[in-house]
Amino acid sequence: MFGKMRRLMKGLKKSLKRRLPIAPGIRYAFHFNGFNSLLYFIYCRKIKRHNTILVLGKAYRYFDTVKTWHGERAVEIPLVMDMVRKYQGKNILEVGNVLSHHVRFEHDTLDKYEIAEGVTNADIVDFTSEKKYDLIVSISTLEHVGWDEKPRDDTKIPLAIDNMKTLLSSRGGTIIITVPLGYNPTLDKLLKDGTIQFSKQYHLLRISKGNE
């Protein structure tokens, strides 16, 4: 029975993939673990009505879409966009092209690999600009710097952060970086031993299979 159901799901997934550009969240739901997570997600968000996360006393609504419901983007985007709104009308740089896939606002985007309209292809480690920025944001990108490159270079993450600081406006500015722990052990170690330090640092912990 289970074997037949799995074959049916596999065939349906292949058929849809050929016909439609399927979002990652939908593709994930066609896996056994993903479907299980989807059921928990529906229970948490639709039945229990747990639609917000409380961070430092402020409630943020989960950014749930077919692309984000199952991962950290559901919390990263509302947290970062809250700060972006405070800097509207000022110079904003995004390192790693993430936000343009979900929201629209005026800003510059730097991404070493992704070819897209309005994206500058350069390495954040040695990127220079006469334009200076009031706000620099980077969502789940820093963990890939040096780690997912050949040859691998464990020295690049601190260099990337140092270079971001040089891109800030002389008026003073803010850098917001989000990263997942557990993906890049080198980054985890740099954070743990204090090699990388932030003026403010917070952690979020996933507490349910419904992505709470």
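**Salt bridges and burial**

Biologist: Which accessibility class does Lys112 fall in?

Modeller: Lys112 has 34% relative accessibility. This is a predicted model, where local features need pLDDT of at least 70 and side-chain atom pairs count only at pLDDT 80 or more, while totals for chains, interfaces and linings use all residues. Residues are numbered from 1 along each chain as its sequence is written, and side-chain values use heavy atoms, with hydrogens and water left out. Buried means under 20% relative accessible area and exposed over 50% (1.4 Å probe, protein chains only), so the class in between applies to Lys112: partly exposed.

Biologist: Which residue forms a salt bridge with Lys112?

Modeller: A salt bridge puts a side-chain nitrogen of Lys or Arg within 4 Å of a carboxyl oxygen of Asp or Glu. For Lys112, the closest N and O atoms are 3.2 Å apart, and the partner is Asp123.

Biologist: How many residues apart are Lys86 and Asp82?

Modeller: The side chains of Lys86 and Asp82 meet in a salt bridge at 3.9 Å, N to O. Lys86 is exposed at 55%, whereas Asp82 is buried at 13%. Both lie in helix 4, about one helical turn apart, because their separation is 4 residues.

Biologist: Which residue meets Glu149 in a salt bridge?

Modeller: The N to O distance is 2.9 Å. Both partners are buried. Lys112 and Asp123 are linked in a network of salt bridges with Glu149 and its partner, Lys156.

Key:
Helix = DSSP H or I, 4+ residues; strand = E, 2+ residues; numbered from the N terminus.
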